[in-house]
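These are my notebook entries on a single chain.

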Amino acid sequence: MVAVQQTAAYEQLLQGISRSKKHTKPILTSIVKKTPYKDPLLFYEAAKQSYEGERFFWTDPSDEIILVGLGTVFSIVAQEHRFETVEKEWERFLTNCVKQEQTCPFGTGPILLGGFSFDPLKQSTSLWGKYPPAKFILPELMLTINKGDAWITSNIICQHSSDPIEILKDLENKMEHILQSEWSWQPNDKWKHSYRQTEIEPELWIDSVDNVTQDIKQGELDKVVLARETRLHFDSKVNVTSVLNNLRAEQPMSYIFAFESGEDCFIGASPERLIKKENSKVLSTCLAGSIKRGKTLDEDKMLGNSLLCDKKNLHEHELVVQMIKKAMLNFCNTIEAPSHPTLLKMRHIQHLYTPVICTVKDHISFLSMVEKLHPTPALGGFPTDKAIKKIREVEQLDRGWYAAPIGWVDANNSGEFAVAIRSALFQGQEASLFAGCGIVADSDPQSEYEETKLKLKPMLSAIGGMSHEENE
């Protein structure tokens, strides 16, 4: 089997080199090989020596698709018209590329990994200096776990003078180096870090909630989502693999992601799908309205039932449902969604949840759908334009990639994006954690502040250790 795969890879490389000569430009050749199962976290950690600063980790809530991207052979950074720019640059780059068409499963082959910022018009700060309004990378090597089977994608830029034998030797050496690395990381308590926690201007945030509530009562808008930041300070640099390991164990029903950009790493465990497209099938998720988990089964059931009957949270949730269904009308032939939400129970919190299933029309751009859906009222507010304008005016922090689309898009106009909530930006011996909540007419500022503390728990728990709080 290996010999057959090597022969196929050799033929692909010859084809890529031939196309490079014909078109007098570099040509992407993407080689996909099935491989024995590899633990994705160990693979991610083992590549640290060779690829630190250029690693991407992704898993969906079902573990159906797991991606680990290493290195960069092509990247797209966009400031203006970012969704359209990424789409056009990706299409241009894929022109004349050599890739396997029939035998490759979903999640393999040439795949762009990356994300967008929440609001490119919000004044940026140095906090998110390594995460522009849009940044995507095509990895040099990518491990894909698809329904339990493992695949390695190698992306090579072929020149007219490239030597296919040398390319194959180089790929083999890189894989051997990763797989034979001494994996010093093990999931145990020694990776729990004590930290000092600094709340960033909590009184100002509570005041902003009160001010926005008054605006809503006056009829200026229906809902505004306000987010805040807390900063953690560690004695040593956090091992991000251990954080990912803890998130996978503690938040199994979430999208677990990490995107390294140089020395910084953006990590999260989001329960919220923005959109998934596989061929003509499209899935989206309405997730808005939340309450804590109970300490006993009876208390948990009582809290869940109260959420299902709470007018404020039901109103918030319905805004999201109607917005997503309306957005999908532009792209889809059929749209299906339950008439009433159910509960999605996470470890620390439970949400109102409504899935949306659609059949997309022909020739619809996947990234245009991502653009149309972002931000949902669960992340920005409603009406969207007025809510985003209000956020720019009153919110103290630079959201950067927090609450924005993060995920991947393949060469066949399919892919998946989650909403980057329950997330943190790690920077050396510090990290910024983010949380937000929907503000409506009857919101209580102190209660909303407590809700954000609840939403910070997944990441704080994954980091572990002891907290020493101080206010700033």
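I located Asn-96 in the loop between helix H4 (82-94) and strand E5 (98-99); helices (H or I, at least four residues) and strands (E, at least two) are DSSP runs, numbered from the N terminus. The model is predicted, so local features need pLDDT of at least 70 and side-chain atom pairs count only at pLDDT 80 or more, while totals for chains, interfaces and linings use all residues. Residues are numbered from 1 along each chain as its sequence is written, and side-chain values use heavy atoms, with hydrogens and water left out.

I noted a positive phi of about 70 degrees for Asn-96, which is not a glycine. Its relative accessibility is 28%, so Asn-96 counts as partly exposed (buried is under 20% relative accessible area, exposed over 50%, partly exposed in between, with a 1.4 Å probe and protein chains only). I found Asp-63 in the loop between strand E2 (55-59) and strand E3 (65-70), with phi near 60 degrees and a relative accessible area of 35%.

I then checked for cis peptide bonds. One runs from His-374 to Pro-375, with omega near -10 degrees; Pro-375 is in the loop between H10 and strand E19 (381-382). Another joins Phe-382 and Pro-383, with omega about -5 degrees. For context, most residues other than glycine have a negative phi, and most peptide bonds are trans.

**Strands**

E4 pairs with strand E7 (residues 134-138) in the antiparallel sense over 5 bridges (pairing requires at least two DSSP bridges). Ala-78 stands opposite Ala-134 of E7.

In strand E8 (residues 141-146) I looked up Asn-146, which is buried at 11% relative accessible area. A polar atom of the Asn-146 side chain lies 2.7 Å from the backbone oxygen of Phe-106.

**Helix packing**

How do H9 and H10 pack? I recorded an angle of about 150 degrees between helix H9 (residues 311-328) and helix H10 (residues 366-373), with their axes 10 Å apart. H9 is therefore roughly antiparallel to H10 (the class for angles over 145 degrees). Met-323, Ile-324, Ala-327 and Met-328 in H9 meet Met-369, Lys-372 and Leu-373 in H10 (contact means heavy atoms within 4.5 Å).

Terms used
Polar contact = N/O pair within 3.5 Å; in protein donor to acceptor, adjacent residues only side chain to side chain. Axes fitted to C-alpha atoms, helices over the stretch in contact; angles between N-to-C directions. Parallel < 35°, antiparallel > 145°, perpendicular 65-115°, else oblique.
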